[in-house]
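Have a look at the picture, then read on about its surface and its pockets.

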Amino acid sequence: MRKFLSAMPVGLASLVVLVAVLYLTLYPNPLPDNDIPMFPGADKVVHALMMFGLSGCVAYDYMRSRYGQGKTEPPKGMLLCLLALTILFGGVIELLQSWMDMGRSEDILDFVADAAGAVLAFVVELLFWTRLRRWLTER
């Protein structure tokens, strides 16, 4: 797994997750009707997971970039910027859903869930940056 993650081009993980999030949040009917029963609020959990994944992938790609290499301590300033950008991205998605008039609607609770997922990712990034960095650089 380490070999695969290290060989993956920097930015690919973020790009794949970004495209998936855009598709799932902006396309009128991204998933065909299914018979899977959902609990109330399941879409909020999905929103939080999407922003958690996006924030985590962007932080991972930053870690692997030439700017993030060698940083054994988490770069708190950069991670705060990524947190702010992820929250802003979640807000823009909600606005786009309203403006596009394609059957999707904005929801302030979706935005709150997006922000919660981004904040949780920020905390995890701070806690595990050093361990992940060490794991990736071991030979």
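Which residues form a nonpolar patch on the surface? They are L12, L15, V16 and V19, and together they have about 340 Å² of accessible area. Before going further, bear in mind that this is a predicted model, where local features need pLDDT of at least 70, side-chain atom pairs count only at pLDDT 80 or more, and totals for chains, interfaces and linings use all residues. Residues are numbered from 1 along each chain as its sequence is written, and side-chain values use heavy atoms, with hydrogens and water left out.

A patch here takes residues with over 30% relative accessible area and no salt bridge, joining nonpolar side chains (Val, Leu, Ile, Met, Phe, Trp, Tyr) within 5 Å and like charges within 9 Å. A salt bridge would be a side-chain nitrogen of Lys or Arg within 4 Å of a carboxyl oxygen of Asp or Glu. The areas come from the Shrake-Rupley method with a 1.4 Å probe, and for residues only the protein chains shown count as cover.

L12 sits in helix α2, residues 12-26; helices are DSSP runs (H or I) of at least four residues, numbered from the N terminus. L12 is partly exposed because its relative accessible area is 35%, with buried meaning under 20%, exposed over 50% and partly exposed in between.

Now for the pockets. Each is an open set of points on a 1 Å grid over the protein atoms alone, where a 1.4 Å probe fits, with protein on both sides within 12 Å along at least five of seven lines; lining residues have an atom within 4 Å of a point. Volume is the space filled by probe spheres set on the points, which are joined across faces, edges and corners.

| Pocket | Volume | Lining by type |
|---|---|---|
| Largest | about 490 Å³ | nine nonpolar, six polar, four charged |

The largest pocket has 19 lining residues, with L24, L31, D43, V46 and R104 nearest its centre. Helix α3 provides the largest share of that lining, five residues.

For the second largest pocket, α5 (108-137) gives the most, six residues. E125, one of its lining residues, lies in α5 and counts as buried because its relative accessibility is 8%. The C-alpha atoms of E125 and A59 are 7.4 Å apart, although 66 residues separate them along the chain.

Notes: Helix = DSSP H or I, 4+ residues; strand = E, 2+ residues; numbered from the N terminus. Buried < 20%, exposed > 50% of the residue type's maximum accessible area, 1.4 Å probe, protein only. Nonpolar A, V, L, I, M, F, W, Y, C, P; charged D, E, K, R; others polar.
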